[in-house]
Amino acid sequence: MQKLLLVLLLLPGVALGLLEGLYCGKENCYDVLGMTRESSKSEIGKAYRQLARKYHPDLHRGAEAKAAAEIQFKLVATAYEILRDEESRTDYDYMLDNPDAYYAHYYRYYRRRVAPKVDVRVVIVVVLTIVSVIQYYSGWQRYDSAIKYFATVPKYRNQALDIARDEIQERIQKKGKNKMSKVDQREELERIVRRVIAEKMDVKGGYAKPTLWDVLWVQLLICPYTLLSFIAWHAQWFWRYTVMKQPYGREQKLYLIRRHLGMGQHQFEAQEEKQLEEYLHLELWKRENFAAWKAEQDEEMKKKLAENPRYKAYRRYMKNHGPGRITFED
């Protein structure tokens with residue numbers, strides 16, 4: 001208890017020692033510039049320029065004179081930096097008026113020194129803009145990659161060729177068969193095939209065609225509307241299908257199936273229509289039907305893995321060399 005009281009008595013002394021390193025130290029910043037607390041900002045600036053010329057180290061000869069002038073020059077510069085800023089001058093005046101508030105002075109001084117010089121709002125805006133731009137252009141890159149991939153799949157390529165056959169012939173005849181080399185004809189063919197695939201094929205999921213509505217900036221701006229729509233949708237669902245016991249439509253059934261499968265909306269919509277019809281035929285929106293179907297799927301997967309030679313080899317390896325095996329071999 002006595003040690004605690006001793007520490008509490010010594011704290012003001014410690015804080016007073018810390019004050020020696022704040023602002024102009026033991027010197028009064030106003031006295032350093034030859035000013036008073038009533039001096040205006042322009043008067044402080046004029047006094048600083050005069051003293052800076054007087055104590056500039058380059059204007060003094062001799063090592064001792066230069067060293068003394070450099071110390072005084074730094075003190076004058078420090079005083080000017082404190083008094084020229086309104087907020088810093090206010091904090092300094094508060095210290096002069098309240099000399100016993102040691103911890104408040106310490107906090108105010110170092111809060112200003114470590115505070116960021118750039119407005120946080122500007123940083124947030126710049127970061128959001130950069131992320132939105134990267135997000136938008138990366139979406140276009142994924143979409144272009146998907147179109148290039150579909151252009152190499154025979155199924156989609158043949159369909160595109162059938163659709164664009166007349167256009168390809170017309171382009172070749174219009175430009176002249178003799179004027180177009182085989183390389184040019186092949187490049188023209190690839191451009192038409194990709195354009196047809198992009199126009200006719202509805203790419204979904206993570207490779208879907210990006211829009212400005214998907215970028216982060218727009219999503220943040222419409223966030224209140226999205227939140228209200230989310231609450232209204234769930235309230236409507238609860239009223240219609242929980243309270244009123246209305247029958248599910250196709251969209252509602254697919255929504256429940258997607259929730260049971262644990263898929264995202266883009267991932268679920270990317271599946272073929274035939275697969276979705278099978279889900280509906282099996283009535284997987286009912287939890288008991290989905291549980292039975294999931295158990296069957298897991299059992300079939302286990303059988304396929306058991307019959308797979310690679311999986312058998314992996315199991316043998318894990319049994320003989322896996323982390324659970326204890327051996328005394330060096």
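Q: Which residues does Gln-135 touch, not counting residues up to four places away in sequence?
A: This is a predicted model, to begin with. In it, Gln-135 touches Asp-214, Val-215 and Leu-216 once residues up to four places away in sequence are left out.

Q: How many residues apart in sequence are Gln-135 and Asp-214, and what's the C-alpha to C-alpha figure?
A: They are 79 residues apart in sequence, and 8.6 Å apart in space from C-alpha to C-alpha.

Q: Let's zoom out. How many helices and strands are in the protein?
A: There are 16 helices and zero strands.

Q: What share of the residues counts as buried?
A: 23% of the 330 residues. The protein exposes about 25200 Å², with carbon and sulfur atoms supplying 57% of that.

Q: And the contacts between residues at least 6 apart in sequence, what share joins residues at least 24 apart?
A: That comes to 61%.

Q: Switching to the cores. Which residues in the largest nonpolar core touch the most other members?
A: Tyr-23, Cys-29, Leu-33, Ile-82, Leu-83 and Tyr-92, out of 20 residues in that core. The elements giving two or more residues to this core are α2 (29-33), α3 (41-54), α4 (63-84) and α5 (86-97).

Q: Which element gives the most to this core?
A: α4 does, with six residues.

Q: What does Cys-29 touch, not counting residues up to four places away in sequence?
A: Cys-29 touches Tyr-23, Cys-24, Ala-79, Ile-82, Leu-83 and Tyr-92. Apart from this core lies another one, of 14 residues, including Trp-237, Leu-256, Phe-268 and Trp-285.

Q: OK, new topic: His-260. Where is it, and what does its side chain reach?
A: His-260 sits in helix α12, residues 250-261. Its side chain reaches the backbone oxygen of Leu-284 at 3.1 Å.

Q: Is His-260 buried or exposed, and what does it touch?
A: His-260 counts as buried, at 17% relative accessibility. Leaving out residues up to four places away in sequence, His-260 touches Leu-284, Trp-285, Lys-286, Arg-287 and Phe-290.

Q: How do the axes of α11 and α12 cross?
A: The axes of α12 and helix α11 (residues 223-243) cross at roughly 110° and come within 14 Å. The two helices are therefore roughly perpendicular to each other.

Q: Which residues meet there?
A: From α11, Trp-233, His-234, Trp-237 and Tyr-241; from α12, Gln-252, Tyr-255 and Leu-256. Trp-237 and Leu-256 are also among the residues of that other core.

Q: And at what angle do α12 and α14 pack?
A: About 95°, with the axes of α12 and helix α14 (residues 273-281) 10 Å apart. α12 and α14 are therefore roughly perpendicular to each other. In α12, Arg-250, Lys-253, Leu-254, Ile-257 and Leu-261 meet Glu-273, Leu-276, Glu-277, Tyr-279 and Leu-280 in α14.

Definitions and conventions:
Residues are numbered from 1 along each chain as its sequence is written. This is a predicted model: local features need pLDDT of at least 70, side-chain atom pairs count only at pLDDT 80 or more; totals for chains, interfaces and linings use all residues. Side-chain values use heavy atoms; hydrogens and water are left out. Helices (H or I, at least four residues) and strands (E, at least two) are DSSP runs, numbered from the N terminus. Buried means under 20% relative accessible area, exposed over 50%, partly exposed in between (1.4 Å probe, protein chains only). Contact means heavy atoms within 4.5 Å. Accessible areas come from the Shrake-Rupley method with a 1.4 Å probe; for residues, only the protein chains shown count as cover. A nonpolar core is a set of buried Ala, Val, Leu, Ile, Met, Phe, Trp, Tyr and Cys residues joined through side-chain atoms within 4.5 Å. A polar contact is a pair of N or O atoms within 3.5 Å; within protein, one must be able to donate a hydrogen and the other to accept it, and residues adjacent in sequence count only if both atoms are side-chain atoms. Axes are lines fitted to C-alpha atoms, for helices over the stretch in contact, and angles run from 0 to 180 degrees between N-to-C directions. Angles under 35 degrees count as roughly parallel, over 145 as roughly antiparallel, 65 to 115 as roughly perpendicular and the rest as oblique.
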